[in-house]
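Trainee: I would like to learn how to read features off a model. Please take me through one.

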Amino acid sequence: MRIGIPTWAVVAIGLVLNIVAALMTNFVIDGLGEQSASVIETQTNNNQLIQLSWQQLDALERRRETIMVILAVKPDMGSLPLPFSRRLLQSFNDMSETAVTQHNMPLIMDAIDQQQDLLRNKIDTLYLDNLQLADSQRDLGSKISAYRNLALFLQVLGLALIMARDLSRKPN
C-alpha cells in the first residue's frame, strides 16, 4: 500500500526548510559572528592595555634607576632642585612636592613599588580576562560551526524535496 503525499506538500516542506536555513544563516549565525568579533576586539584591547601597562612598569623602573643614579653620583648634594623632583615624581600625585633626597628615598621607593604592584595586578587581571575570552571564543566558534552545518543540511534536504517534484512526474 502506498501513501500518497501531494507533490505540492513535499515542495512546500522543501521551501520551508530552505527558508529556515536562510533565516538561520541571516540571524543566528550572523549574530554569533558579531559576538565573536566583539570578543576578539575585547581581547585585542586587553592586549594593548597589557602592553601599555608593561611600558608604564618599565618606565617606573627606569625612573627608580634614574633617582638612584642621581643620588649616588651626588650624595652630598642634599636634594635635587624642585623642578627636577617634580618631573621625576609627577606620576605620584601625593608626592609631587616631595624633595628627592637620601632621607626621602625609602618613601619614594615604596611609592614606586606600590605603583608597580598596581600595574602588575592590572596585567594579571587583563591576562585572566583574555583566557576567559579565549574560552568564550572557542565556544562561539563551535556554535557557529554547528549552526552552519545544520543550515547546510536543511538547505540540501529542502532542495532534495523540491527536486522530488520533478521525480514524481509521471512520464507521458
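Mentor: Start with a salt bridge, here a side-chain nitrogen of Lys or Arg within 4 Å of a carboxyl oxygen of Asp or Glu. The side chains of Asp117 and Arg120 form one, at 3.5 Å from N to O. Both residues sit in helix 3, three residues apart, about one turn of the helix. Helices are DSSP runs of H or I with at least four residues, strands are runs of E with at least two, and both are numbered from the N terminus.

Trainee: What kind of model is this, and how are residues numbered?

Mentor: It is a predicted model, where local features need pLDDT of at least 70, side-chain atom pairs count only at pLDDT 80 or more, and totals for chains, interfaces and linings use all residues. Residues are numbered from 1 along each chain as its sequence is written, and side-chain values use heavy atoms, with hydrogens and water left out.

Trainee: Are Asp117 and Arg120 buried or exposed, or something in between?

Mentor: Learn the classes before the case. Buried means under 20% relative accessible area, exposed means over 50%, and partly exposed lies in between, with a 1.4 Å probe and protein chains only. Asp117 has 41% relative accessibility, so it counts as partly exposed. Arg120 has 36%, so it is partly exposed too.

Trainee: Why do such side chains pair?

Mentor: Side chains of opposite charge can pair when their charged atoms come close. This structure holds five salt bridges.

Trainee: Which residues are linked in a network of salt bridges?

Mentor: Glu61, Arg64 and Asp113 are. Take the pairs in turn. Arg64 and Glu61 meet at 3.4 Å, N to O. They are three residues apart in helix 1, so about one helical turn separates them. Asp113 also forms a salt bridge with Arg64, with the closest N and O atoms 2.5 Å apart. That pair links distant parts of the chain: Asp113 is in helix 3, Arg64 is in helix 1, and they are 49 residues apart.

Trainee: How does accessibility read across that network?

Mentor: Go residue by residue. Arg64 counts as buried because its relative accessibility is 11%. Glu61, at 27%, counts as partly exposed. Asp113 is partly exposed as well, at 31%.

Trainee: Which residues form the nonpolar patch on the surface?

Mentor: First, the rule. Patches are made of residues with over 30% relative accessible area and no salt bridge; like charges are joined within 9 Å, and nonpolar side chains (Val, Leu, Ile, Met, Phe, Trp, Tyr) within 5 Å. Areas come from the Shrake-Rupley method with a 1.4 Å probe, and for residues only the protein chains shown count as cover. Here the patch is formed by Leu15, Ile19, Leu23, Phe27, Val28, Tyr147, Leu150, Phe153 and Leu157. Together they have about 820 Å² of accessible area.

Trainee: Which helices supply the patch?

Mentor: Helix 1 (7-73) and helix 3 (105-168) each supply at least two residues. Helix 1 gives the largest share, five residues. Leu150 lies in helix 3. At 38% relative accessibility, Leu150 counts as partly exposed.

Trainee: Where is Leu89 placed?

Mentor: Leu89 is in the loop between helix 2 (82-88) and helix 3. Its relative accessibility is 0%, so it counts as buried.

Trainee: How much space lies in the second largest pocket?

Mentor: About 170 Å³. Among its 11 lining residues, the closest to the centre are Phe92, Asp94, Met95, Ala111 and Gln114. A pocket is an open set of points on a 1 Å grid over the protein atoms alone, where a 1.4 Å probe fits, with protein on both sides within 12 Å along at least five of seven lines; lining residues have an atom within 4 Å of a point. Grid points are joined across faces, edges and corners, and the volume is the space filled by probe spheres set on the points.
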